[in-house]
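Subject: Structure handover

Hello,

I am passing this structure on to you. Please open it first, then read the notes below.

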Amino acid sequence: MRNIGIFYGSSTGTTATIAHKIAKQLDVPEEDIHNVAEAAPSSVQPYDVLVFGTSTWGNGDVQVDWIDFLKGLEVMDLSKKKIALFGCGDETMTDTFCNGVGIIYDALRESGADFIAPYDTVGYEFHHTSADLGGMTVGLLLDEVNHPEATDLRLRGWVTKVKEAI
């Protein structure tokens, strides 16, 4: 398996917990799991595969620790990297569900990186997400508030897609 770094922003701990679950399923060691609040954007450089996770806050904003981290990433050449995205949200925020994932995607889609592992939103009911690709989303969207029982199955399915893409 290729060299994988997991980077997450988490305000309540939910996204951090999901990042560690993903790490376990991908056999990523603890030292390769990074809280963006404590990491520099340049810390992505050693990795071939980047797994980025965020929660969505306020009016559909990316988790606050991602703001400066993302600005740093936007000026980097990520052309030899694969990026997989995941996010946590609340489907009752029906017009901004997991928008944070879409914000990261939009900010980095011109970076040259290869985005991998789009995923479906089967079982969720919402009107809009900026992570939408038309039938699929740019990554794994999770709702630990309303559908925690779906998380493990969704994680396994998405991690399988990540493994197939790398």
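The model is predicted, so local features need pLDDT of at least 70 and side-chain atom pairs count only at pLDDT 80 or more, while totals for chains, interfaces and linings use all residues. Residues are numbered from 1 along each chain as its sequence is written, and side-chain values use heavy atoms, without hydrogens and water.

Ser10 sits in the loop between β1 (4-8) and α1 (14-26); helices (H or I, at least four residues) and strands (E, at least two) are DSSP runs, numbered from the N terminus. Ser10 counts as buried because its relative accessibility is 15%, and buried means under 20% relative accessible area (1.4 Å probe, protein chains only). The Ser10 side chain reaches the backbone nitrogen of Gly13 at 3.0 Å. A polar atom of that side chain also lies 3.3 Å from the backbone nitrogen of Thr15.

Glu91 is in the loop between β5 (82-88) and α3 (99-108). Glu91 is buried but has no salt bridge (a side-chain nitrogen of Lys or Arg within 4 Å of a carboxyl oxygen of Asp or Glu). The nearest side chain of opposite charge, Arg154, is 9.4 Å away; Lys and Arg count as positive, Asp and Glu as negative, and His and the chain ends are not counted. A polar atom of the Glu91 side chain lies 2.7 Å from the backbone nitrogen of Glu125.

Best wishes

Technical notes. Buried < 20%, exposed > 50% of the residue type's maximum accessible area, 1.4 Å probe, protein only. Polar contact = N/O pair within 3.5 Å; in protein donor to acceptor, adjacent residues only side chain to side chain.
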